[in-house]
Amino acid sequence: MEDVSREPGAVPAHAGSPSPQAPRRGRRRASSRPALARRTRRARASASPSASPSTQPPSRSRGGARADRRRRRAEGLPGTLGVTLLGALVPGAGFLYTGRRLLGALVLLPVLALLGGAAWYVGRDLRALLAFAVDPTRLTIAAVVLVLGLATWVAVVYLTYRQVRPPSRPRWHTAVGHGFVLVLCLAIGAPFAVAARYAQVQAGLVGTVFDDDRNESATVPTDVTEEDPWGGRERVTVLLLGGDGGEGRTGVRTDTVILLSMDTTTGRAVTVSLPRNLMNAQFPEDSPLHDLYPTGFSGPEDDGFYMLNAIYGQIPERHPGILGKSDNEGADALKQAVEGSLGVPVDYYLLVNLKGFEDVVDAIGGITVNVNEPVAIQGNTDLGIPPVDYIDPGPDQELDGFHALWFARGRYGSDDYERMDRQRCAVDAIIEAANPMTVLQRYQALAETGQEIVSTDIPRRIVPALLDLALKVKDAKVKSVVFRPSERFFSGDPDFDYMRQVVAKALEPRSRPGLGKKDPGRAEDPEDSCAYAPADGTDATGSTDTAASY
């Protein structure tokens, strides 16, 4: 048998035949070097401190360090609250602080664009802002935008707080932080929530009072547009009516009739007060009512049916549809009666039902007036029913809605002309009390009351221009013409030529300054009749009221 045990390196017995072991030894030698290299690298890696299982590869470690530097957090509770406040006041600033530049820009840039656009819109044209305030569609959109914007802002504030607070913090820091975010959102977000609510209320008010579909009139000017709201007129007139529809009365009687005439350029205004018991009211010659009443509004029945305050109810009842299609025939008829009697075109009317007058005064927190003599609360002179109480005289009397109503309408023991004076003083007091802050604080109550008691035929398209003009009127001097019993005027048989003369003189600009007090056409300053002047004729300073009357 052949002996196969050989020493390493021995020569085989048959040199010519290949040895079966030679290829195997060759393959092991060929693969031993790479394997050895791999084992060497593993050994070096295991011996290196950087091979700790918690250590990332070099490239990943550098990326993580850069991320940590970008995602900066505030230090401690004061820093967290400070950055959160910054993010609330300047939305997106908190994201920029933490290094989230893209997110910060996506929040901050739209906010800046929105604020810039709003500033441009408000500053470029006051009338454009007023047009926005009387457009129900835009107001509704604004309310929705404010609500969505407020929800987004709250989310931004809370996310800012979450991103800037330290990862490790005491539990009471977390509680304080959440409380701070809640208070911050309530304090800053509340005005925006109120603004959204006011936008909805304003939309409802405008949509109800200035509803062109429900306020059709046969006597409004037809040549006015949004671009030319006055139709080329130098003056625009509004008939202010106080409708007394209280208990025991059938329908509404317009016991307050005041014509307001405004210069469309300067805002110079004149008011003309007419007594409720004016008889034989005239109608313009081109009016169908003039054909029925050529000598004035009169008839065989009791005089009470033909006084000025009866026209509002009597004309629609006796002659329905005579003036054309109208949603308020009584107001149209009364406009024509005032126009024919004074010789001044009457463009629009504004009716306030005195049943809601009390609510208006209460909504603005009351009014302050001078009471020169006791004013009766309730009572009826004709029926001999005494008043239940009186408003005591005195300067700067503060009246709530109930007492202000009787100050304006009380007639027991006095006459219509004294009541007309008190009504004008009450209107002045309301304007004085309705300062911007009061209106804002009580706007919702005022708007809701206004929807119930105010009606008008003023078209919505000219309301912005009319509000702009009203601001001029507020800053200009307002004169008043009041027709009182005198040698020249008697309400039971008025001299209409004389009345037209007086009104024309009051409306025309002064050609010479300082006409004498004896001038029969002089308009009086309403402040004179509203000053404190007790019944003995002497006021607190000893001077005497010398305002003219007609």
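Start by selecting the transmembrane regions: an unreviewed UniProt entry places them at residues 76-97, 103-123, 139-160 and 172-195. UniProt positions follow the numbering used here, with shortened feature names, and such annotations may be inferred rather than shown by experiment. Residues are counted from 1 along each chain as its sequence is written. You are looking at a predicted model, where local features need pLDDT of at least 70 and side-chain atom pairs count only at pLDDT 80 or more, while totals for chains, interfaces and linings use all residues, and side-chain values use heavy atoms, leaving out hydrogens and water.

Next, color residues 139-160. This span is 100% helix and 0% strand, and its end C-alpha atoms lie 31 Å apart. (Helices, H or I with at least four residues, and strands, E with at least two, are DSSP runs numbered from the N terminus.)

Move on to residues 172-195. Here the chain is also 100% helix and 0% strand, with 35 Å between the end C-alpha atoms. Within this stretch, click on Cys185: it is buried, at a relative accessible area of 13%. (Buried means under 20%, exposed over 50%, and partly exposed in between, using a 1.4 Å probe and protein chains only.)

Cys425 lies in helix H14 (residues 416-433) and Cys530 in helix H19 (residues 526-530), so the pair ties together parts 105 residues apart in sequence. The link between Cys425 and Cys530 is left-handed, with -105° about the S-S bond.

Cys425 is buried at 9% relative accessible area, and Cys530 is buried at 16%.

Technical notes:
A disulfide is a pair of cysteine sulfur atoms within 2.5 Å.
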